Amino acid sequence: MSEAPAGKPAGLSVFFPAYNDSGTIASMVIRAVQTASALTPDYEVIVVNDGSSDATPAIIDELARTYPHVRAVHHPGNRGYGGALQTGFRSATKDLIFYTDGDAQYDPSELAVLWERLSADADMVNGYKISRSDPLHRIVIGRLYHHIVKTLFGLTVRDVDCDFRLMRRTIFQRINLEKNSGVICLEMMKKITDGGFRIAEVPVHHYHRAFGKSQFFNFRRIAKTALDVLRLWFALVILRQHRRAGVRPLVAHSE
């Protein structure tokens with residue numbers, strides 16, 4: 001087993017938000033266990049089942065019985081992607097937190113690349129897609145969205161919506177996340193940037209969806225997301241609500 005990189009806390013929490021990911025979640029968890037155990041002996045792998053209606057709950061319960069480091073957290077109903085992420089961050093107990101989606105469009109073994117980049121000069125390592133393995137219409141919509149939100153929110157990261165991130169727990173002792181929809185990623189990156197946290201970036205691979213289908217790419221969902229983005233822009237850019245004193249952090253301070 002390799003030693004944890006010098007200067008890094010040894011503890012590592014890995015979590016997956018999962019919604020009807022029965023075809024992929026087992027391989028993702030097993031890959032995460034293999035990768036995390038090679039990085040540090042002090043790790044946990046958490047799966048947040050966001051009210052799945054397929055076999056996801058039974059699969060992750062079985063994984064938790066099979067692997068001592070794996071833990072299953074269940075939402076009784078669907079709270080949305082943002083709600084699943086909030087639960088994941090609150091459930092994590094280690095000093096470093098990594099998350100990616102349970103649909104296998106990213107490879108958990110590439111966590112090792114982020115781990116090696118996380119040094120004393122970075123609070124977070126954000127992945128960015130080497131190339132996007134999606135249908136053309138999704139690529140076009142995704143690029144348009146990315147350009148618009150970077151401009152509206154004044155962000156400089158290469159990929160706002162690459163859900164492949166390694167972060168220090170201390171970030172969430174200073175910021176709170178509130179959105180239950182997919183715009184939580186935009187909320188998170190804006191608040192982390194405005195909080196003065198240092199962000200490093202590394203390229204990661206993005207793969208075709210092998211199971212299920214995206215919950216995002218339909219006109220109704222796109223319209224709702226556009227409205228959510230405008231509301232978030234008003235709250236964070238115009239009103240600057242997150243900069244006010246007394247904002248409740250997402251996780252409690254460590255003892």
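A crossing of two helices is right-handed if the near helix is turned clockwise from the far one by less than a right angle, and left-handed if anticlockwise. This is a predicted model, in which local features need pLDDT of at least 70 and side-chain atom pairs count only at pLDDT 80 or more, while totals for chains, interfaces and linings use all residues. Residues are numbered from 1 along each chain as its sequence is written, and side-chain values use heavy atoms, with hydrogens and water left out. Helices are DSSP runs of H or I with at least four residues, numbered from the N terminus.

**H1 and H2**
- The crossing of H1 and H2 is right-handed.
- Helix H1 (residues 25-39) and helix H2 (residues 56-66) have axes that come within 10 Å and cross at roughly 25 degrees; axes are lines fitted to C-alpha atoms over the stretch in contact, and angles run from 0 to 180 degrees between N-to-C directions.
- H1 and H2 are therefore roughly parallel (angles under 35 degrees; over 145 is roughly antiparallel, 65 to 115 roughly perpendicular and the rest oblique).
- Ile-25, Ala-26, Val-29 and Ile-30 of H1 make the contact with Ile-59, Ile-60 and Leu-63 of H2 (heavy atoms within 4.5 Å).
- This contact of H1 with H2 has seven nonpolar, no polar and no charged residues (Ala, Val, Leu, Ile, Met, Phe, Trp, Tyr, Cys and Pro are nonpolar, Asp, Glu, Lys and Arg charged, and the others, Gly among them, polar).

- The axes of H6 (residues 184-194) and H7 (residues 219-238) come within 11 Å and cross at roughly 15 degrees, so the two helices are roughly parallel.
- H6 passes H7 in a right-handed crossing.
- On H6, Leu-186, Glu-187, Lys-190 and Lys-191 make the contact, and on H7, Val-229, Leu-232, Leu-236 and Val-237.
- Five nonpolar, no polar and three charged residues form the contact of H6 with H7.
- H3 (residues 81-91) packs on H6 at about 50 degrees with the axes 9 Å apart, so H3 and H6 are oblique to each other.
- Tyr-81, Gly-82, Leu-85, Gln-86 and Phe-89 of H3 meet Ile-184, Cys-185 and Met-188 of H6.
- The contact of H3 with H6 divides into six nonpolar, two polar and no charged residues.
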